[in-house]
Structures are given as structure tokens and as C-alpha cells.
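Colleague: Could you take me on a close look at the part of this model around its ligand? I am new to this, so please go step by step.

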Amino acid sequence: MNLLHRLEQLQLVVVTGKGGVGKSVVTAALGKLLAGRGRKVLLFEVDPRENLHQLLNTQPSGGEIINASPRLYLQHIEPRELIDDLVREKLKVKLLVNRVLGSPVHRHFTEGAPGLKESAVFGRALRMVEGHGPRALRRPDVVILDAPATGHGVSWLAAPQLVADVVRSGPIGHMAELIATFLGDRSRSGVVVVTTAEEMPVEESLELMESLDQRFDREPEAVIANALYPVTDDEESDDPATELWRDRRAINVTQLERIDAAWAGPLAEIPLFPMDPGPALVGAIARQIEAQLRSA
Ligand SMILES: Nc1ncnc2c1ncn2[C@@H]1O[C@H](COP(=O)(O)OP(=O)(O)OP(=O)(O)O)[C@@H](O)[C@H]1O
Ligand SMILES: [Mg+2]
């Protein structure tokens, strides 16, 4: 099946990969593609260094839902604030809320409890696709999460189950269970793995795919091999810049072979474009993804 066709049926797409490989540009490009196909798309950015707005040429979110272009929305998420919102929602007495939120124990807990922040982010995504969003965007069709590079991508996906296993009852345990089910349902959520064709990112991506398989019995919807050096036509030149280019390209070729050997599913190979981060770069990447994954 056409990959974009598959992605457009999902309610959550998690874009994951090692730091700096191009998760944010791919998130923006997928958002643009799905919005172009008529879906109402919300991009979730968790990274405190907001940069999706720059890629989409709009104002920074600062926590608000921003409409970047027709059907394409963007929101910066601060997981701790989501947890505070949960406390507000569950404890309706104001005095109590203030005491809990102001207490060092609460801070300590939300910072330290494994999986809580991740679960809160997924929980928000789930609520929104189920139609409980704020007035600015009541019900997106799909949320695309630009997952932070910290830790392993799989730790994000594993977080809700972890919480559900530890907190077995009560509202938090119940919420975590719902989210874990949502994440486990391939008709509702999917993972896109972004990597550069270099040794370490490929190593990590292959490990990630193995854990997806072993822990969740699932595979990514697609692998995006990003920022590939183009073939140089000047094979003879001993100009140092050309030589460096050739070396980089040779590494890319080796690593692409490695991906090929391990992954038979949809793969897009995206060139390194001589462009600054911004809408033009996002557009170029989107066109490549669309062309290559059309028949995947
Ligand atoms: N195919 C490409 N061609 C040219 N530049 C690219 C390409 N892909 C990514 N870049 C640039 O590389 C840098 C890293 O990309 P991006 O910010 O999307 O990575 P990231 O995985 O989100 O990084 P982080 O882990 O820091 O959030 C950016 O400056 C981006 O504009
Ligand atoms: Mg990023």
C-alpha cells in the first residue's frame, strides 16, 4: 500500500531517531504532506529549543496551538505542564491544587518518575484525536510527534506500559493503560525512523527496530535515510573538498547497504540539500518522501 495512504489513516505518528539526523525536518515534511492530502494535522514539539515554527515559517508556539498553513497546526509541549494540568483536573479544590503543584515532592516526582512525562505527552495526543482538544483545534485527525532524541526512541513508546505496570489503579494507571493500548494498535499509531547513513545513527536505528519488533511486535511504517551526500561526477579530483565529499558518499553507500540488508520495508533516501532550515528545505524533503514512498 502507498505509505502516505497508510500514514493518513493513523491518529499518531511518532518520528524518532538519534540527535540531529533530521527528525524535525521530517516531522514538518510529513505534516505538510498529510495536510496536503486533506488531513487535519497537529505537530507536537517537545524539544525546549523550539524550531518547528522556523521550518514552517510561522510564529513560535510558546505552548499555544499555532495554525501554520491550511490544516497544519503546531504546538510546543512542556510535559511538566501537562502533568500539572492533570493534577488540576483531578484535584478540583484550588487550595489543594496550589499546595500540590507548589510542593517539592510533586516536582521531584514528576521529574523522577520514569515514563510519566512521556505518558503525559501521549495522553494529550490521545485526548486530542478523540475530540477533546481546546477550541483552537478540537479534533486533529493525526498528531505527529517530533520525539526528542534523549534516551532511546523505544523508551518513549515503552513509557506508558511502564507506568501502567507500576501504577495499577487510579486515574493515572487507567490513563497509562489506555495510552499503552493506543500505542500498541497499529491501525491507530505508527513509528517513522529517521537516520543519516552513518555508522552510529544506523547502528542505533537498527537496534531501535529490533526492540520495536521484540517489545512491541511491530515494525516502523518507514525508514527515512536522510541527508545523503550526492554522487560526485568528479571521481578523479584530488581537491580536498571533493575528496571529503567522496568519502562521505562512500560511507553513505556502505550504511545504506546495511539498512537494506536489515530492512525490506518502505525506505526513502533523502539527499543533503544545500539549503538553510526553512520552508523551502521542508518542501524539498516532502517532495522526495512523496515520490519515493508513493509505491512503497
Ligand atoms: N536533507 C537535508 N538537507 C539539508 N539539510 C538538512 C537535511 N536534513 C536536515 N538538515 C539540517 O540538519 C539540521 C538537523 O536537522 P533537524 O533539526 O531536523 O534534526 P533533529 O533530528 O530534529 O535534531 P535534534 O535531535 O537536535 O532535534 C538542521 O539544521 C536541518 O536544517
Ligand atoms: Mg529536532
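Modeller: Happy to! Keep in mind that this is a predicted model. Let me begin with the protein itself, where the count comes to 10 salt bridges. In one of them, the side chains of Glu 8 and Arg 37 meet, with 2.7 Å from N to O. Glu 8 lies in the loop between α1 (3-7) and β1 (12-16), while Arg 37 lies in the loop between α2 and β2 (41-45), so this pair ties together parts that are 29 residues apart in sequence.

Now to the ligand. The space that ligand 1 takes is the largest pocket. Several elements give two or more residues to the shell around ligand 1, namely α2 (23-36), β7 (222-228), β8 (267-271) and α12 (279-293). The element that gives the most is α2, with three residues.

How many residues surround ligand 1? There are 21, and the closest are Gly 20, Lys 23, Arg 49, Asn 226 and Phe 273. Sorted by class, the shell holds 11 nonpolar, six polar and four charged residues.

Some of these neighbours make polar contacts that you can look for in the view. Gly 20 uses its backbone: a polar atom there is 2.9 Å from an oxygen atom of ligand 1. Lys 23 uses its side chain, with a polar atom 2.8 Å from an oxygen atom of ligand 1. As for cover, ligand 1 has 630 Å² of accessible area on its own, and the protein covers 79% of that.

Key
Residues are numbered from 1 along each chain as its sequence is written. Chains are lettered from A and ligands numbered from 1 in the order in which they are written. This is a predicted model: local features need pLDDT of at least 70, side-chain atom pairs count only at pLDDT 80 or more; totals for chains, interfaces and linings use all residues. Side-chain values use heavy atoms; hydrogens and water are left out. A residue is near a molecule or strand if one of its heavy atoms lies within 4 Å of it. A polar contact is a pair of N or O atoms within 3.5 Å; within protein, one must be able to donate a hydrogen and the other to accept it, and residues adjacent in sequence count only if both atoms are side-chain atoms. Accessible areas come from the Shrake-Rupley method with a 1.4 Å probe; for residues, only the protein chains shown count as cover. On a 1 Å grid over the protein atoms alone, a cavity is a set of points where a 1.4 Å probe fits but cannot get out, and a pocket is an open set with protein on both sides within 12 Å along at least five of seven lines; lining residues have an atom within 4 Å of a point. A molecule sits in a cavity or pocket if more than half of its atoms lie within 2 Å of its grid points. Helices (H or I, at least four residues) and strands (E, at least two) are DSSP runs, numbered from the N terminus. Ala, Val, Leu, Ile, Met, Phe, Trp, Tyr, Cys and Pro count as nonpolar, Asp, Glu, Lys and Arg as charged, and the others, Gly among them, as polar. A salt bridge is a side-chain nitrogen of Lys or Arg within 4 Å of a carboxyl oxygen of Asp or Glu.
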